[in-house]
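Here is a friendly walk through the model on display.

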Amino acid sequence: MSCKARTTSLGLALLAFMLLAQTAGAVRLNGLLKLGAISKEEEAGNLAGVQETYNIHDGFALSRILLDGQLGERSFLLLDVQNINQDSRQALLNYRLAGLGQLRFQHDERRQLFDADGRLTSERQDWHLDATVTPVDWLRVTANTNLQTREGERLDYPTGYLADAPDADPPGGFPGDAHEGWLGQRYDYTLTRYQLEAEVQKSGRGFAIGYEGSDFEDELLPWTDRRGQVFSARLFAQDILLPFDMTHSLRGAYGSHELSETGLEHELQSFQYIGTARPHQRFQLRYLLHLNRIEDEAADLQTDYVRNEGRLTYHHRYGRVFGGYGYETNDDDGTLTDSHFWEVGAALHYQDRYRARVRYATRDKNDQEDLTLLKDVEDTRFDAKLQAELVEGLAIGAAYDDRARTYPVLGVEVEGTKVSGFGRLVLSNWASVQADYGYAVEDYDDRAGGFETESHTVAGRVQLRPIPDLGLESGLTYLDFGKDLDIEKSILMFAAQYDLLEDYFLEVKYNIYNYDDYILLDRYYTANIVWVNVGYRFGLE
Amino acid sequence: MITAAVFTALLLLGTTFPFSHESSAQDAAGEQTRRESEVCLMCHEAQQTNLVGGPHHLPASPRADARVACTDCHLGDPAHWEEDPETHPMTNPARQPFADVSGLCAQCHFSSHQQEMAADNPHACDDVGCLGCHQVHGAAVPGSLRQQEPGLCLGCHAEVDGEFAQPFRHPVRDGVMVCSECHLKLDHRDARLTFHGTGGVCFQCHMQFRGPFPHEHPATLDFSTEEGGCLNCHDPHGSPLPKMLNQPLDAPHFPLCHQCHFVPGHYFNSFHGDRWAGMACTLCHVDIHGSYTSPRFFGPHLQAQGCFVAGCHQP
């Protein structure tokens, strides 16, 4: 049985178990079933330009299956399956037994397009299973596993030809096989991860031990297969050592990653301490220490990372003022860098309706041996944000963000500024309007020249319910990149939902997608997509 | 490093675990509080009803497994029920300062979430305490929340609401995720074997980028003390750009990468000829989140065959 079939069976078995396990108590479930048809018309020079439409196909569509509610006095169930078609689907199953634990199962499957005419595709799947059990209030056991598969084709690079094209003979004499580019033409790999942790805590003190394993298998490149495992322990405590509010948390971990074919084995060590202290009700001090080492004796490779960070916050009834300083070093087999970073800021709030924040941060990275690609880097960032709920249902806000990066050795300067604003209006249950606008300008200069980009982003949405049985909705997303870029993209959406009978509704949605790159003339895309669905709401008691 | 870690661990371990002696004392206290609950309900009968179905449900009759009693949360003098309730009022957590309520809840709820609230959670810093999101009496939503997520969060965080309407987004408005799946994990104490805090959240689901890698992309290093990591390239709530990028990864300038890599010769690169135009940086730098084998994050094919044969780069 394949991993996929195994995991699907497991999910279905879990659902069956949950339903059968209910012996007493009232079952109250709300359900929704939605099915219909899709019409899709495309006109494109490049089908890979707009990812939103990759997984939308003409024809019959089972759009949603939803079950949500209680199976008993203390047990809750959520099953949600969406966008079920020939190459994509999303599923979520969540079962919670209050006071005992929770089970969660998730699945996401979709495809990606990589070339202009849509011939190169990739199938991607993610599976996740998570369980938490709290048999007594001082013990918590968690276990989870992820399975991730990626299978498909990729564009041959640097030749830029499709793998099976008969004329795949690159002009220009690039090295390597003309039909086998540097990146290969296919990929097919699986990544599995599993984790188990038990935590014991009482009266603010406790510890946890954990194990985490991972397994990467590549069907086409077996020399990249690798396995890893990490054992960890965590310890936390409150109000010890000193006679005022303090918390301490430290974590140590040891593990290894092995590339099974090549014999390379990396040894991992990590230690982290975070302490907070509140010597006075209005002051809080936080300190973080992080030590990390990755070592491979065979290849004589060792990376040491050390981070120290302190942060002081002053709290007031109407806000807080904060500041922090950090220092880190990264020493690997080829380079040695260290960084200093500062941050100061303040936040204000009044009556939970008015909020403001301003912050300034800097970071200086020094390449002590001049061996990294970027050499020294100096960063600064300033941002400010204001938000107000003027009256109930009406909120507005604005933000300003400015950041600069300088590479003194390379002679490069980069500066970006972004201004944005939003407004929200909710009128009882019959109307809501929201609008967002952002303007950004980025300026890049080096010794030889430079370039500049400018962007406008607009997003808006209107929802109306003029009569109880009718819901109307319209939305717009518009992007415009200008100056040295010349790209426009927009999505326009209209939707209506009408309640036909007590339990049924009709839903119609029309989306228009547009994408144009005016520099690369064959990169354009237009699509008109219509969804028509009939929905059925039901209840189980 | 290991010596320092072990020493600190032993020091804290020694001071952390004197708690086994508390159980018998707490059992005795439990008997007392169960009795007190019965006394309370003689006058406050309605409070029994609105706790039914919730985690603070009081048992109909005293039971050995009762975990909560009225006087666990409402503190005061026994004279309240023995003499005059008006003269000796009990406390009401809904009207107490945040720090007091946080400490009260922490008596039973000492999860990492609660630890963070007691320490450095932004809500705590803004005086939004436990009862800003949770309610004890009349709680109908799992987790004793005042309302379901995401409405609970977006009621205050209105600026985020629009981000979840973007074409590329985490599916919060679609009902697949809730805010707390990420934001309750922003606690540094929950960071696994990763370099940085924000990444620890993302890697819960996007485990393939988790690392640690022998060759980390330096972009994962924090820019400031609170942000950085994945957020250097991605807008986690939503973005109009694929992969929730915060800048386009489009030719000819690739602004996303050029946020940091505005390196002479790496745009309109003559050595790569016309074929470079229109090709995203990540076509060669495939393992851009971190690599086990390549310091330049090349994919396995490129790493095996090398671009050095083209004469552009030195090994």
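## Make-up of chain B

Chain B holds 15 helices and four strands; helices (H or I, at least four residues) and strands (E, at least two) are DSSP runs, numbered from the N terminus. This is a predicted model, in which local features need pLDDT of at least 70 and side-chain atom pairs count only at pLDDT 80 or more, while totals for chains, interfaces and linings use all residues. Residues are numbered from 1 along each chain as its sequence is written, with chains lettered from A and ligands numbered from 1 in the order in which they are written.

Of the 315 residues in chain B, 34% are buried. A residue is buried if 20 or more other C-beta atoms lie within 10 Å of its own, exposed if 12 or fewer, and partly exposed in between, with C-beta atoms placed from the backbone. Among the contacts in chain B with a separation of 6 or more, 45% link residues 24 or more positions apart. Two residues are in contact if their C-beta atoms, placed from the backbone, lie within 7 Å.

## Confidence

The model scores ipTM 0.70 and pTM 0.77. Residue by residue, the guide is pLDDT, the predictor's confidence in each residue, from 0 to 100. Chain A has a mean pLDDT of 83, and 89% of its residues reach 70 or more. Within chain A, the pLDDT is below 50 over residues 166-179, a stretch with 19 contacts in the model beyond near neighbours in sequence.

For chain B the mean pLDDT is 68, and 57% of its residues reach 70 or more. Confidence in chain B is lowest in helix H1 (residues 2-16), at a mean of 48, and highest in S3(B), at 88. Over residues 267-275 of chain B the pLDDT stays under 50, and the model has nine contacts for them beyond four places in sequence. Residues 308-315 of chain B also stay under 50 in pLDDT, with eight contacts beyond four places in sequence.

Strands S4(A) and S5(A) run antiparallel and are joined by nine bridges; two strands pair if DSSP finds at least two bridges between them. A:Leu97 has A:Gly101 in S5(A) as its bridge partner. Three residues lie between the strands of this hairpin, where A:Gly99 takes a positive phi near 85°. On to the next pairing: S5(A) is joined to strand S6 (residues 121-136) of chain A by 13 bridges, again antiparallel. There, A:Arg104 is partnered with A:Asp130 in S6(A).

The largest nonpolar core has nine residues: A:Leu71, A:Leu77, A:Ala91, A:Leu92, A:Leu93, A:Tyr95, A:Leu103, A:Phe105 and A:Leu129. Such a core is a set of buried Ala, Val, Leu, Ile, Met, Phe, Trp, Tyr and Cys residues joined through C-beta atoms within 7 Å. Strands S4 (89-97) and S5 (101-113) of chain A are the elements that give two or more residues to this core. S4(A) supplies the largest share, four residues. In soluble globular proteins, nonpolar side chains tend to be buried together.

In helix H6 (residues 98-106) of chain B, the buried residues are B:Val101, B:Ser102 and B:Cys105. Viewed down the axis of H6(B), the buried residues fall within an arc of 100°, so they line one face of the helix; the arc is that of the directions from the helix axis to the C-beta atoms.

B:Leu131 sits in helix H9 of chain B. Which residues does B:Leu131 touch, not counting those up to four places away in sequence? They are B:Pro93, B:Ala94 and B:Val101. B:Leu131 and B:Phe98 are 33 residues apart in sequence, and their C-alpha atoms are 8.5 Å apart in space. B:Leu131 counts as partly exposed because 18 other C-beta atoms lie within 10 Å.

## Loops of chain B

B:Lys243 lies in the loop between strand S3 (238-239) and helix H14 (255-258) of chain B, and its phi is near 60°, a positive value in a residue other than glycine. B:Met244, in the loop between S3 and H14 of chain B, has a positive phi of about 55° although it is not a glycine. Is each of them buried or partly exposed? B:Lys243 is partly exposed, with 13 other C-beta atoms within 10 Å, whereas B:Met244 is buried, with 20.

A cis peptide bond joins B:Glu149 and B:Pro150, with omega about 5°. B:Pro150 is in the loop between helix H9 (130-133) and helix H10 (151-154) of chain B.
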